[in-house]
Structures are given as C-alpha cells and as structure tokens.
Amino acid sequence: MTADLSKGSRVSPLAAPLTAADIDEAAERISGVVTRSPLQFNERLSEATGANVYLKREDLQAVRSYKVRGAFNLMAQLSPEELAAGVVCSSAGNHAQGFAMACRSMRTHGRVYVPAKTPKQKRDRIRYHGREFIELIAGGSTYDLAAAAALDDVARTGATLVPPYDDLRTMAGQGTIAAEVLDQLDDEPDLVIVPVGGGGCIAGITTYLAERASSTSVLGVEPAGAASMIAALAAGEPVTLDHVDQFVDGAAVARAGALPYAALAAAGDMVALTTVDEGAVCTAMLDLYQNDGIIAEPAGALSVTALLEADIEPGSTVVCLISGGNNDVSRYNEVVERSLVHLGLKHYFLVDFPQEPGALRRFLDEVLGPGDDITLFEYVKRNNRETGEALCGVELSAATDLEGLLARMQDSDIHVELLEPGSPTYRYLT
C-alpha cells in the first residue's frame with residue numbers, strides 16, 4: 001500500500017500539540033549527550049536514482065540508533081523528585097539501550113522490562129550502556145507482557161514511564177534529527193525518507209520540517225507485515241493489527257502511537273506513507289553492507305529500500321534516515337535467504353521421485369540447468385533414501401532461469417511441486 005506523495009498545504013503550528021520550538025529546545029537539551037550524526041552523500045544511490053542522495057547516519061550514535069534522543073529529552077525534563085522515584089521502560093531493543101545510556105549520563109536509576117526470550121547479546125548491550133544505573137527484569141514471554149509488567153511497576157512504585165514514541169517529549173527529542181539535517185545542508189531537501197514503527201520519529205521530523213522548511217516532503221516507510229500507521233490513517237484512529245511480521249523488529253509495531261498519529265494526520269499532503277517487502281529490505285541491507293560498509297538493522301534499511309522503489313525526481317535532494325545499526329550477525333543467514341527469495345533466485349520444490357533406481361540421477365542431469373545450484377536436499381520420508389518425496393532448494397544464477405527449469409520439470413516423469421513463498425507449506429518446511 002502506498003499513499004500519494006505531493007507537496008500540498010503546510011500544517012499550521014497550532015494544528016498539532018508538538019511544535020518546532022519544542023524540538024529546538026530539545027536540541028539544546030540533548031546537545032551535550034547525543035552525537036550530531038553525520039549526513040553523508042552517497043554516490044551509489046545517487047547514480048541509481050538520478051537524485052542527490054544523503055544518508056543521515058543515526059546508526060553511528062553511541063547506542064547505534066536515534067532512540068537516545070527521545071529518552072534523554074524526556075528524562076531531562078523530569079523534576080528531582082521524579083528522578084529520585086526512578087524511571088521505567090519496556091523494550092528489548094534500541095529504546096532500552098537509549099534509555100540505559102540516558103540513565104547513566106544523568107546518574108538516575110532505571111528499570112528495563114524485557115521479554116524472557118530477549119537474546120543475551122541485547123541484554124548485555126543494555127547493561128553495558130546503563131552499568132550500575134540499570135536493573136534488567138524479564139517481564140514475561142512476550143513484549144506485551146513485559147510492557148504490562150512495566151506499567152504495573154509504575155503504578156506500584158510511582159516511577160515515571162519513558163515511552164519509546166507515544167509521548168510529546170520523546171517525539172521532540174527524535175525530531176531533532178530534522179533540525180540537524182537542515183543545518184547540515186546548504187539548501188533544504190526536497191524529500192526526507194523516514195522509517196516508521198510507532199511513529200514518534202516521523203512525527204517529530206514532519207512537525208519540524210512543516211515549520212522550518214518551505215517545500216520539503218516526507219515519505220514514511222513501514223514494513224509490509226507491520227503497516228500500523230497506514231492502518232491508523234485509513235481508519236481515522238490508531239487500530240491494532242491482527243498479525244505483525246516480527247522480522248523488521250525495530251518497526252514491528254502492532255498499533256501506532258496516538259500522538260504520532262495525530263501529528264501525521266494534521267500534516268496533510270506534505271507527508272505520505274508506503275510499505276516495502278521484507279525481502280526487499282534484506283536486499284537493501286546486504287547492498288549497504290557490501291557496497292557502503294554500513295551495517296544497518298532491518299528497520300535501518302527501510303528508507304533506502306523505499307528510495308529504490310519510489311518515483312524520485314531526477315536532480316532532487318533526498319535524505320534517507322539510517323535509523324539504527326543494532327543487527328545481530330547470527331541473523332545474516334536469514335537475511336541472505338529472504339533476499340534471494342525476493343530477487344527470484346531461490347526456490348523450493350517438493351520432488352516426488354518415482355519408485356525406480358536412477359531417478360535422482362535423472363533429476364540432476366536432465367532437470368537442473370548448468371547454472372542451477374542445489375542448496376538444500378532432504379528426504380521427507382527418512383526411512384527411504386532411494387525413492388520418495390524430497391524437499392529441494394535450488395538457487396538460480398538468474399531469475400529468468402526459472403521458466404526453463406519449470407519447463408524441464410514439466411517434461412520430466414518426476415512430479416515436482418513449486419512451493420510458493422508465504423504459503424502454509426512453504427513456511428512449515430523452511
């Protein structure tokens with residue numbers, strides 16, 4: 001789903017509760033703690049699109065994401081009594097690390113509630129940034145249970161909750177990205193492309209650009225499997241998605257924030273939203289790493305993914321927000337797999353070999369082409385290694401080779417079933 005992008009009327013500062021002045025104040029407030037991230041011209045993406053493409057490198061923050069901006073801005077406005085009572089957040093990712101860094105920099109004790117299944121690597125990073133000022137608590141088997149435990153803590157202890165996006169102070173801190181972009185460019189950009197999860201970052205950026213720029217448009221990007229903000233704008237209010245694909249974990253939000261939704265609804269035509277396929281995100285991640293040396297997490301690659309799919313005006317100036325780089329290297333096998341499937345280079349088949357000797361040899365010699373590579377071969381019936389049904393993964397040298405492979409399968413006396421991505425059988429077998 002894609003919303004039309006056009007430059008229309010600008011939102012009035014009075015139409016939304018957050019203002020550019022709030023964001024300017026936040027920029028001053030966080031300046032001693034948060035890094036002014038680089039804005040880097042990217043030759044590869046500029047040549048690919050015909051535009052002048054810049055990458056705003058929030059992955060180079062100390063916590064490798066922009067989340068510290070909002071957490072610190074909120075906490076810096078708490079009273080001494082509120083700070084003494086402690087602060088609480090629920091998160092298993094970037095927000096928790098930004099929160100932990102803010103706690104240590106302010107020497108304020110905080111509690112982080114994480115799902116019990118949160119990987120050790122993420123727990124270690126949260127503890128590293130917070131040191132002795134952070135208590136890490138496993139609050140249930142899912143994020144929703146961890147969030148409920150955090151709310152119970154706040155009600156029981158009087159501590160202050162630090163939300164990841166649905167708070168004006170959080171949104172203002174995240175909106176400081178836009179203030180930096182305008183200061184780093186000689187002229188205002190034509191388009192800023194922003195990843196969207198709960199919506200705090202895009203709401204802050206849009207609010208600032210609406211007042212401080214004359215004609216800059218904003219394109220928000222959601223993963224296709226978690227388009228909660230598009231659903232909210234379509235319904236006229238935030239709604240809860242029935243299912244969320246968790247792969248783009250930094251943007252896998254089932255319900256957009258109420259305050260970010262209100263800000264975007266007030267922005268009118270200057271902002272548009274689109275979705276991108278998770279497989280395309282994986283391809284963008286790999287291209288960023290292999291060509292530009294940028295280790296982007298899935299959410300961090302959303303903007304570049306959308307850039308390459310959008311109708312970009314040649315010669316325009318485009319800024320893509322690389323929102324984070326907290327990527328677990330153990331996930332790269334899945335990233336490569338999803339990319340190959342998206343590009344049409346990886347396919348899976350159920351092959352039913354006839355009950356006769358030499359069937360497997362004929363399949364290899366007569367069905368597979370010279371550029372086809374078997375990446376998986378596993379008999380489904382484990383008690384018979386000579387005949388029967390097998391799961392076969394094939395990687396092609398070019399996506400156009402699939403047509404010939406399917407034709408040879410059709411001409412063969414071996415029954416072959418192509419497993420379609422997204423089907424129940426495909427998900428079960430892979």
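Colleague: How many salt bridges does the rule find across the interface of domain 1 and domain 2?

Modeller: The rule finds one across that interface. The model is predicted, so local features need pLDDT of at least 70 and side-chain atom pairs count only at pLDDT 80 or more, whereas totals for chains, interfaces and linings use all residues. Residues are numbered from 1 along each chain as its sequence is written, and side-chain values use heavy atoms, with hydrogens and water left out.

Colleague: What makes aspartate 249 and lysine 122 a salt bridge?

Modeller: The term requires a side-chain nitrogen of Lys or Arg within 4 Å of a carboxyl oxygen of Asp or Glu. The closest N and O atoms of lysine 122 and aspartate 249 are 3.3 Å apart, so the pair meets the definition. By this rule the count comes to 20 salt bridges.

Colleague: Which parts of the chain are meant by domain 1, domain 2 and domain 3?

Modeller: Domain 1 covers 20-67 + 172-335, domain 2 covers 87-158 and domain 3 covers 344-428; the bounds come from an automatic or database domain assignment.

Colleague: Why is the salt bridge of arginine 212 and aspartate 24 said to tie together separate parts?

Modeller: Their side chains meet at 2.7 Å, N to O. Arginine 212 lies in helix H9 (residues 200-212) and aspartate 24 in helix H1 (residues 20-30), so the bridge joins parts 188 residues apart in sequence. Helices here are DSSP runs (H or I, at least four residues) and strands likewise (E, at least two), numbered from the N terminus.

Colleague: Why is aspartate 153 called buried?

Modeller: Buried means under 20% relative accessible area, exposed over 50%, and partly exposed in between (1.4 Å probe, protein chains only). Aspartate 153 has 1%, and is therefore buried. Its salt-bridge partner, arginine 111, is joined to aspartate 153 at 2.7 Å, N to O, and is also buried, with 18%.

Colleague: Why is arginine 127 called partly exposed?

Modeller: Its relative accessible area is 41%, a value between the two cut-offs. Aspartate 124, at 32%, counts as partly exposed too. The two side chains meet in a salt bridge of 3.8 Å, N to O, and, being three residues apart in helix H6 (residues 120-130), they are separated by about one helical turn.

Colleague: How do you know that the span of helix H5 agrees with its length?

Modeller: The expected span is 1.5 Å times one less than the number of residues. The 13 residues of H5 (residues 94-106) should therefore span 18 Å, and the end C-alpha atoms are 18 Å apart, which agrees.

Colleague: What makes H5 mostly covered?

Modeller: Of its 13 residues, 10 are buried, among them Asn94, Phe99 and Cys103. The buried residues of H5 pack against helix H3 (67-75), strand S3 (87-90), S4, H6 and strand S5 (134-138).

Terms used. Contact = heavy atoms within 4.5 Å.
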